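Open the model in your viewer and keep the selection tool ready. The tour goes stop by stop.

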Amino acid sequence: MTDDTTNVVPVWTLTTTQANVPTVSTEGAMTPERLSELRTALSSFAEAPLATLEVHPLPKTLDRSHGIPLDAMSPLARELRNLVATTRSATSAASTGGTAVNLADQGEALYRMVVPAKLAGQVGTGMVKPMISKAVPGGIRSALRDSKGIVGHSTFVPVTAGAATGSAGTAAAGAATVGAITVAAPLVLMAVAVGVSAYAEQERQRSIQRITDLLEQLHDNALDLERSELDGCRDSIDKATAVLLDQGRIGASLGLDSAVHAIGRATEHASRRVKRWAAALDELGDDPIELEQLTKAFPGIDSDGGTFRAHVELAVLAIALRRRVIVLQAVEHSQADTTNPFESFVRSLRADQSRVDKLEQDLSSILLRLSTVQLQASRRITHRVMTRGEVDDLLDAARRLRHIGDELQLTTRASDVTINIAKDSDGTLVVLPAEAD
């Protein structure tokens, strides 16, 4: 793909089971906007989950540091090869004025799977959230979009699989229509699982860095022990992820059981603290309160390195690790029932994530309530004029409270989820953290 109007982007419509959807002709240019509208429309008609998969040139400056690498023989890599091998060249590109794309020639490439909001909602609204842009108020940050947009000058060409081969291709070849779908349950399952797992790992890395910075200021051995126990779970989780994504079985030697126990204990710590904070806020009421009253209930809330902030970050870390474990357990459950892996995956996610979703929502509610607290001067100094230092402390504490609310991500509506997969010429993959649009 180049930067002129002749770009051709092959796109598949994927489903996890056989599904009947309206046939939509793709005569004329298929723009990104039109593709998004059609994807949403088809998803609303189909009973089975639908997703689209696009193939773009691999950006040279792509940041892979937060992705999960997979080798060329991994199930996800094999599923992508099977899909391409059973797909005809995008010869219909000529009708749009573009150049035909021979999918068999794809070496380095960026595969972009877009999961519609309907399907994203099935795997949980809390699993992936928009990354808020600090540069643009209300904007969403994405590692792959520039000012023009990665597909801003492209023409999308729907393609269909040829003869059914392997688990990826079942739809018969025919006219290029968005309604021509390809059954690819393992491909969708693996892409969603790895993308969500990479997102949770990214959250873990951010939390660990913030906690480390806080503990360097606090010198609190108890909190440092909590941090070390949680961070020590990473090795077992990484190994279990690699084994499961290679369709292996998790054994006791990986130490995942002890990691799950440590994460469960940390989650309980977080749950108790959240309940205690909620009770403290209820007791303080809605009237303006003194800063001393607030800091007594929430130690260090008026500073960048306080104990309260460390407890919040430990809760965020426990939630991120718990989400990684949930995905692992869902994949393991799905692979045990290969007749319909994606439905098993969704059922497992729904069953396990409700508790951690509630904890995250309760924590967000506490932080939102704190961000709206109104402070007043201490009664001990109302009989005199406040010093400049006392005024500065009060204003600084109020600013920090407002900032707590600014950092929250309160979007709960289901949104499209994008999973980007970088493929190198040797067949290896790097699956980047899933992005909510």
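Helices (H or I, at least four residues) and strands (E, at least two) are DSSP runs, numbered from the N terminus. This is a predicted model: local features need pLDDT of at least 70, side-chain atom pairs count only at pLDDT 80 or more, and totals for chains, interfaces and linings use all residues. Residues are numbered from 1 along each chain as its sequence is written, and side-chain values use heavy atoms, with hydrogens and water left out.

**Whole chain**

Of its 437 residues, 51% are buried. Buried means under 20% relative accessible area, exposed over 50%, and partly exposed in between (1.4 Å probe, protein chains only). Among contacts between residues at least 6 apart in sequence, 77% join residues at least 24 apart.

**Strand 4: R112**

Select R112, in strand 4 (residues 109-115). What does its side chain touch? It makes a polar contact with the side chain of N420, at 2.8 Å. A polar contact is a pair of N or O atoms within 3.5 Å; within protein, one must be able to donate a hydrogen and the other to accept it, and residues adjacent in sequence count only if both atoms are side-chain atoms. R112 is buried yet has no salt bridge. The nearest side chain of opposite charge is E435, 5.0 Å away. For charge, Lys and Arg count as positive and Asp and Glu as negative; His and the chain ends are not counted. A salt bridge is a side-chain nitrogen of Lys or Arg within 4 Å of a carboxyl oxygen of Asp or Glu.

**Helix 6**

Next, select residues 234-245, which form helix 6. These 12 residues reach 16 Å from first C-alpha to last, close to the 16 Å expected at 1.5 Å a residue. The expected span is 1.5 Å times one less than the number of residues. Colour the buried ones: S236, I237, A240, T241, L244 and L245. They cover an arc of only 150° around the axis, so they sit on the same side of helix 6. The arc is that of the directions from the helix axis to the C-beta atoms. An α-helix has 3.6 residues a turn, so residues three or four places apart point the same way.

Which elements do the buried residues of helix 6 pack against? Show strand 3 (68-70), helix 2 (75-85), helix 4 (185-218), helix 7 (256-284) and helix 9 (307-336). Just after helix 6, stop at Q247, which takes a positive phi of about 60°.

**Salt bridges**

The whole structure holds 20 salt bridges. Pick R369 and D282, whose closest N and O atoms are 2.9 Å apart. This pair links distant parts of the chain, with R369 in helix 10 (residues 341-371) and D282 in helix 7, 87 residues apart. R369 counts as partly exposed at 30% relative accessibility, while D282 counts as exposed at 54%.

Move to helix 9. R309 and E313 both lie there, 4 residues apart, about one turn of the helix. Their salt bridge has its closest N and O atoms 3.8 Å apart. Both residues are buried.

Then select D357 and R323, which meet in a salt bridge at 2.7 Å, N to O. D357 lies in helix 10 and R323 in helix 9, so the pair ties together parts that are 34 residues apart in sequence. D357 is buried at 13% relative accessibility, and R323 is buried at 4%.

Last stop: select E201, R204, D231, R234, D238 and R324. Salt bridges that share partners join them into one network.

Methods: Contact = heavy atoms within 4.5 Å.
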